[in-house]
Number of protein chains: 2
Amino acid sequence: VLPRRIRILMLCAALGTPAVAGAEAGIDPWLRPAEVPAPVDNVPTAERVRLGQMLFFDPRLSGSNWISCASCHNPARGWSDGLPTGFGHGMQRLGRNTPTILNAAYNPIQMWDGRKKTLEEQALGPMGAEAEMHQNLDAIVDELSAVSGYRQLFEQAYPGEGITTATIAKAIASFERTVVSGDSPFDRWRRGDVDAMSASAKAGFDLFTGKANCSACHSGWNFTDNGFHNIGLRDDDPGRYAQLPLPSMRGAFKTPTLRDVALTAPYMHDGSYATLAEVVEHYDRGGDAREHLSPNMKPLQLSAAEKQALVDFMETLTGEPRDLTLVQLPH
Amino acid sequence: VLPRRIRILMLCAALGTPAVAGAEAGIDPWLRPAEVPAPVDNVPTAERVRLGQMLFFDPRLSGSNWISCASCHNPARGWSDGLPTGFGHGMQRLGRNTPTILNAAYNPIQMWDGRKKTLEEQALGPMGAEAEMHQNLDAIVDELSAVSGYRQLFEQAYPGEGITTATIAKAIASFERTVVSGDSPFDRWRRGDVDAMSASAKAGFDLFTGKANCSACHSGWNFTDNGFHNIGLRDDDPGRYAQLPLPSMRGAFKTPTLRDVALTAPYMHDGSYATLAEVVEHYDRGGDAREHLSPNMKPLQLSAAEKQALVDFMETLTGEPRDLTLVQLPH
């Protein structure tokens, strides 16, 4: 059973109560809107969030019974895994960097290549993927149905709906809707605390929205346009093109959030940069590969101080850590 | 940073403040002594416990940077993994069932075959083992030393001692000293709450200490004599014999704790039984293989009700879940 305090915290998050005290949602486009969007047939409740957290941390969701969602989307590592590219079943290397699930609740389109739209659609993807969690989706319904604790928890969360792949996905999505960015120095600065950011970080934000034009794609409070762009990396991953065969989509990947970005090294869809400084260098030289390059990619000719300022700014996007209590899984 | 409440909780555990209110330590041999033993050169402090928790959950401690201590000693699954035998590097199957680390702090000898004595000695074993976490122990010192957050945390926990394999082990051991069993129905019954256990569970305890004589080996509050016994399983693992070549040690394994045993299926050093009922059946028939069998192993001729009573009793050993907050790892 979750301690009462945590249940209340989660409920607040689930129900969209502002987690950022005093955030003027809808007024300042750089502050997180308190309300987390959710579909009408899966409005988050404390029971759904709680069940979803259990499923998210339950290794029984994988074919091996050893890998959970949290194995790769590790809350202790910014909801990613700190690896260039992830590991899947049998510890085989996967093809792309594990994206954080932070603020995924706000995204209208999911995954590096946008092949899923909603959190509900996305949740079953890695679970059923041969190379990832390697789970047979019929078998998982039987497996969870055999656990009396889960039968009870599903009935509380989705009365009358039973344990199905749909309710599994809905519960996980409900938990993910609570995984939102915490209050950061940048947020405090936006709300008027002039001392919350260094002069260099403030200069970095000016560069970000001005000369360096990062905000052409990393736009708004979540620092993403949810669009797809080729940023000139030297790899041959087709990216969005596999979903949408337009020339401009060749090697194009979804703009990731920059919230908590200092916690989620290494960077880029291929994990090829170890530090934010390397990322800034990449953009400063206008990328490497030139084919199908996004028109926003141009050499920036930044000074050393300007490059540092951009890094300093990005480091102010680290939010307060979320108070997440591990729960005993049902048996 | 750990929330204050959790830090205090952990400190209490680390400093041996009774977690079981009203436990009469030293009076009733079936109640956990409040004081957790610790070596004089590694007295637990809040800083050591906090650092140890981070290390315990940090996948960078493995060669792949994907496997942490908690991957197999999963707090959400009774500090074990729910598997017959564990997985190691490359997801290769290991030879034995992953033992819980619950109350390991109280054990004078560690591991199924007793090849390590203290928690400090044990901590580096799985980390350096080729088949388990596959970590080069020199490399891990360099790797953690490169993380500024860790440099600070080690200095706070072990001033002047630096980041070494010794301080890594000491910190992990300090955290493990907080992983102790919580208040259970059995404890409440021992303290005088006559309604805390069912009549069947009480009968089970009488059988446990009487007719079935389980307590010959599963003795005292932690339900272990820390001895080694061959209980007649059909496998060819030499067990303790590899450490201590005496005939009686052939196929002998350390008596595991039964605290939280309902959470740590499957059972036995080879994980061959899925349920506690199957375990009781095993003992009822006096084991299977007869060579080098412990003299305590005899057919029990229990009735169906008596078998159920033993299971009911073991289920009363599940303690209140511990309030464990996940912390962001340093970077």
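The stops below begin with the contact between the chains and end with selections inside a chain.

**Before starting**

This is a predicted model, in which local features need pLDDT of at least 70, side-chain atom pairs count only at pLDDT 80 or more, and totals for chains, interfaces and linings use all residues. Residues are numbered from 1 along each chain as its sequence is written, chains are lettered from A and ligands numbered from 1 in the order in which they are written, and side-chain values use heavy atoms, with hydrogens and water left out.

**Stop 1: the interface**

Display chain A and chain B together. Here 36 residues of chain B are in contact with 35 residues of chain A, where contact means heavy atoms within 4.5 Å. The size of an interface is often given as the accessible area lost when the parts come together. Between chain B and chain A the buried area is about 3000 Å², and carbon and sulfur atoms give 62% of it; this is the accessible area (1.4 Å probe) that the two parts lose on being put together, summed over both.

Select Trp66(B), Leu326(B) and Gln328(B) next. In chain B these residues lose the most area to chain A, together 25% of what that side buries.

How many residue pairs are in polar contact between chain B and chain A? The count is nine, with both residues at pLDDT 80 or more. A polar contact is a pair of N or O atoms within 3.5 Å; within protein, one must be able to donate a hydrogen and the other to accept it, and residues adjacent in sequence count only if both atoms are side-chain atoms. The count of salt bridges between chain B and chain A is zero; such a bridge needs a side-chain nitrogen of Lys or Arg within 4 Å of a carboxyl oxygen of Asp or Glu.

**Stop 2: the paired strands**

Select residues 324-326 in both chains. Strand β3 of chain A is joined to β3(B) by three bridges, and the two run antiparallel. Strands (E, at least two residues) and helices (H or I, at least four) are DSSP runs, numbered from the N terminus, and two strands pair if DSSP finds at least two bridges between them. Thr325(A) has Thr325(B) as its bridge partner.

**Stop 3**

**Stop 4: inside chain A**

Select Ala265(A) and Pro266(A). The peptide bond between them is cis, with omega near -10 degrees, and Pro266(A) is found in the loop between β2 (253-254) and α10 (276-284) of chain A.

Finally, select Arg190(A) and Asp28(A). Their side chains meet in a salt bridge (2.9 Å, N to O). This pair links distant parts of the chain, 162 residues apart: Arg190(A) is in helix α8 (residues 185-190), and Asp28(A) is in the loop between α1 (4-15) and α2 (46-56) of chain A.
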